[in-house]
Amino acid sequence: SAARAAADLASLALRESELRAPFDGIVTARYVKRGNLIQPNTQAFRITQMDRLRAAVYVPERDIHKLKTEHPVKLTVDAWPGKVFTGTVLLINPVIDASTGTVKVTVNIDAKQSELRPGMFARTEILYDHREQALLIPRDAVLTEDAAESVYVVAGGHARRRLIRIGYGDAGNFEVLEGLKAGEQVVTTGQTSLKDGAKVQVVTPLKEPPAAAAAAPAAAPQEG
């Protein structure tokens, strides 16, 4: 009957008026209000999957040969100072952005780290190599001139300039591949005004033998 057909059409319209997301998540934004007329393909809500966080990192093209998927990643955010979060490289875009000279790297973040939220800005470190017992010196000790690195080594109360070859570096240290031995003292302050053979005075002498993997920081130019 006509009444039956009308009821069926109304029931179908009611079922089709229900909005269902194809995945589980949390509603993080609503773009419509009760009673609004929604047109087809109109965005009504934004739903975020909190258990699938990803970060987009843009890496200079000179470093893309070092990267592989599954490389571990460390992340830090301003909201949690001093805390390090972890992730892994998920995707490496095969195309270089010509305007920036960078490659987009997608990092998959461990879902158990509930402190992280979508939209946060993070500083990242991609760990693409690991070296045991590396010889380290403070970054401030290294002088660069004509694309060559050198340091002033303290020996017998004098500063001797010595060429070195450096490897990896971070915010505070450089790895030394050649030119230094563990336990040698290097000048870390005032070395830009030193001359080879100048007398120096150790400001903080070592009280204990240095660790096998670190060159001892020391020495400043002697005044007078």
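Patches are built from residues with over 30% relative accessible area and no salt bridge, where like charges are joined within 9 Å and nonpolar side chains (Val, Leu, Ile, Met, Phe, Trp, Tyr) within 5 Å. L19, V27, I38 and F45 make up one such nonpolar patch on the surface. Together they have about 360 Å² of accessible area. Accessible areas come from the Shrake-Rupley method with a 1.4 Å probe; for residues, only the protein chains shown count as cover.

This is a predicted model, in which local features need pLDDT of at least 70, side-chain atom pairs count only at pLDDT 80 or more, and totals for chains, interfaces and linings use all residues. Residues are numbered from 1 along each chain as its sequence is written, and side-chain values use heavy atoms, with hydrogens and water left out.

F45 belongs to strand 2 (residues 45–48). Helices (H or I, at least four residues) and strands (E, at least two) are DSSP runs, numbered from the N terminus. F45 is partly exposed, at 35% relative accessibility. Buried means under 20% relative accessible area, exposed over 50%, and partly exposed in between (1.4 Å probe, protein chains only).

Now the charged pairs. Side chains of opposite charge can pair when their charged atoms come close. A salt bridge here is a side-chain nitrogen of Lys or Arg within 4 Å of a carboxyl oxygen of Asp or Glu. The structure holds eight salt bridges, including those in the table.

| D129 | R131 | 3.7 Å |

E175 and R131 link distant parts of the chain, 44 residues apart. E175 sits in strand 12 (residues 173–178). R131 sits in the loop between strand 7 (122–126) and strand 8 (136–138). Is E175 buried or exposed? E175 is buried, at 7% relative accessibility. R131 is partly exposed, with a relative accessible area of 38%. D129 is also partly exposed, at 42%.

E145 is partly exposed, at 46% relative accessible area. R161 is partly exposed too, at 35%.

Which residues do shared partners join into one network? Salt bridges that share partners connect D129, R131 and E175.
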